[in-house]
Amino acid sequence: MSGRFSQEAMTKAMREITAGLGVPADDARLLHLTNNAVFALPSSSLVIRIARTHRLRDRVAKVVRLARWFAEIDAPTIRLAPEIEQPVEVGELVATVWTYVPPCQPAPTARDLGSALREFHALGTPPFALPEWDPVGDARRRLSDADGLSPADHDYLVAWCDRLEPQVAALNQRSKQVLVHGDAHVGNLLRGPMGRVTFCDFDATCIGPWQVDLAAVAVGAARFGTSEAHGQLAKAYGVDVISDEGWTVLREARELKMIIAAVPLLMTSQTLAEEFRRRLESIRTQAKEKAWKPFSELS
């Protein structure tokens, strides 16, 4: 399938970026093709991350500012590539360039995630404003960038946003607000050569309830069948978020994110479009027994 954010379009953009940086793209390897197209260039020790939506490009400037602050305080996070003006623009697309972290064993686990989250939540807040946790606002922006979404599905998702929005606002109001990663799962962890586990992907990083960062793995346990990971995370962090009074809102917010992330990309992959429809139908019919498949495995 084709589209504004297809693999072909992303590869072309990556090659334009490498040409502008004066580095070879011969060994470029596509790592992920979900909300972002992520390419590794091992010989240049770089990773190029291209946003696959126009409506959320403001996030990229936030990510750059956060990454610089993380480097200043030696946070458990990956680092921007030095001496490159960031973010990098190519046509209507926007990208960031990072220092490549070669795969190191053992691979990070949910236990590592629990320990890393405790350290992350203890960082405090940066000396600049960050957005408040707003999963519904993010969802609405993705809807405005939809590509190939049917009118019926659009109306259903808008109604879901309308219903969930006041519940999210109430949870924000009554919860302690801390720095949250916003998309905390094992796939967003890397283990460096010295053994330190670090976070990547700060698109969703914001100020909000710390419980948000425990919800991704807990929802994954239900939707992907990864209950073992949820148990490991709960033990390592010291809290089982399912017992939290805000769990229902946290679960719905995460499920909305996991479904609506695909709407700008429905024209890029038939298998992704089919999985989007499967997920949405399981929500409509409350069919919790229907297991979802990770988008990253379908791209």
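Reader: Which residues point one way from β3 and which the other way?
Author: Leu-46, Ile-48 and Ile-50 point one way, Val-47, Arg-49 and Ala-51 the other way, and all are buried, meaning under 20% relative accessible area with a 1.4 Å probe and protein chains only, where exposed is over 50% and partly exposed lies in between. In a regular strand the side chains alternate between the two faces of the sheet. One caveat: this is a predicted model, where local features need pLDDT of at least 70, side-chain atom pairs count only at pLDDT 80 or more, and totals for chains, interfaces and linings use all residues. Residues are numbered from 1 along each chain as its sequence is written, and side-chain values use heavy atoms, with hydrogens and water left out.

Reader: Where does strand β3 run, and how are strands picked?
Author: Strand β3 covers residues 46–51. Strands (E, at least two residues) and helices (H or I, at least four) are DSSP runs, numbered from the N terminus.

Reader: How many bridges join β2 to β3?
Author: Six, and the two strands run antiparallel; pairing takes at least two DSSP bridges between strands. Ala-37 stands opposite Ile-50, and Leu-41 stands opposite Leu-46.

Reader: What about the hairpin there, which residue has a positive phi?
Author: Ser-45, with phi near 55 degrees; the hairpin of β2 and β3 has four residues between the strands.

Reader: And which strand does β3 join through five bridges?
Author: That's β5 (residues 93–99), again antiparallel. Arg-49 has Thr-96 in β5 as its bridge partner.

Reader: Back to β2: how many of its residues are buried?
Author: Six of its six. Asn-36, Val-38 and Ala-40 point one way, and Ala-37, Phe-39 and Leu-41 the other way.

Reader: How many bridges pair β1 with β2?
Author: Four, in the antiparallel sense, with β1 at residues 29–33. Arg-29 has Ala-40 in β2 as its bridge partner, and a hairpin joins β1 to β2 through two residues.

Reader: Switching to helices, how do α8 and α9 cross?
Author: The axes of α8 (residues 247–260) and α9 (residues 270–284) come within 9 Å and cross at roughly 150 degrees. The two helices are therefore roughly antiparallel to each other.

Reader: Which residues of α8 and α9 meet?
Author: Glu-255, Met-258 and Ile-259 in α8 meet Phe-276, Arg-279, Leu-280 and Ile-283 in α9, where contact means heavy atoms within 4.5 Å. Those contact residues divide into five nonpolar, no polar and two charged.

Key. Axes fitted to C-alpha atoms, helices over the stretch in contact; angles between N-to-C directions. Parallel < 35°, antiparallel > 145°, perpendicular 65-115°, else oblique. Nonpolar A, V, L, I, M, F, W, Y, C, P; charged D, E, K, R; others polar.
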